[in-house]
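Here is a short briefing to read alongside your viewer. Please have the sequence and the model open before you start.

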Amino acid sequence: MGCERDMLRALVADDHPLFRYGLAAALTAATDVELVGEASGGEMAVELASTLKPDVVVMDLNMPDLGGVEAIRRIVARDPGVRVLVLTMFDDDESVFAAMRAGALGYLLKAAKPQQIVRAVRAVAEGEAIFSPGIAVRLLAYFGTDRRAKPEAFPELTTREREVLRLMADGRGNAAIARVLVLSPKTVRNHVSNILRKLHVADRAQAVSRAKEAGLGDDPGHIGTTGP
């Protein structure tokens, strides 16, 4: 979806009314931005993005009913032309990588000034990737460590968590995973909980779907031990 230069359609999604009000005011003050809607939750953001067809969605990550990362994924899946700018308090690598994999094009922290946010909205609408300075430095450092190496799937997970996720994608239940990795069932449950939290997904099925999209699973020889 392209956006006309003289009027950019924006949708704001944030569960904090006061912040949402201030953000909406900053966007409407720009002569080239039309605020087409406001969402107070992830599910609402997905529906409004589908019906209002904004050029840019400004999305918080910590959202009720449906997390921001999953909301981004659904919005972009329905209409890849919609650009998403994350505006959040979370600056950890897990959140940044999860949002980028979900389809966000920009990532700003809420400490950004109103004029910086408006500039970022314009940039993202034009297809430019934009990040808060500190995050941009970390991303450059991460991808610059070895440009020849293929980025490992889900870098936010530990090696053990990736092994558990791979076995989940192979269709193994917790008991089978415990036998394969020689772990206690409780330890496997803890790993699964950590995986769901780090991938910002609601349940096991969503985690498995993400894993298969990344090419994990159906590789019983990866761990070196198989089991029923």
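Which residues of helix α10 (residues 204-213) are buried? They are Gln206, Ala207, Val208, Arg210 and Ala211, where buried means under 20% relative accessible area with a 1.4 Å probe, protein chains only. This is a predicted model, in which local features need pLDDT of at least 70, side-chain atom pairs count only at pLDDT 80 or more, and totals for chains, interfaces and linings use all residues. Residues are numbered from 1 along each chain as its sequence is written, and side-chain values use heavy atoms, leaving out hydrogens and water.

**Overall picture**
- The protein has 10 helices and six strands, taken as DSSP runs numbered from the N terminus (helices H or I, at least four residues; strands E, at least two).
- Of its 228 residues, 46% are buried.

**Around α10**
- The buried residues of α10 pack against α3 (68-78), α4 (93-102), α7 (159-169) and α9 (185-198), with contact meaning heavy atoms within 4.5 Å.
- Gly215 follows α10 and has a positive phi, near 90°.

**Where α7 meets α9**
- The axes of α7 and α9 are 10 Å apart, and the two helices pack at an angle of about 90°.
- That makes α7 roughly perpendicular to α9, a label for angles of 65 to 115 degrees.
- From α7, Arg160, Glu161, Val164, Leu165 and Met168 meet His191, Val192, Asn194, Ile195 and Lys198 of α9.

Technical notes: Buried means under 20% relative accessible area, exposed over 50%, partly exposed in between (1.4 Å probe, protein chains only). Axes are lines fitted to C-alpha atoms, for helices over the stretch in contact, and angles run from 0 to 180 degrees between N-to-C directions. Angles under 35 degrees count as roughly parallel, over 145 as roughly antiparallel, 65 to 115 as roughly perpendicular and the rest as oblique.
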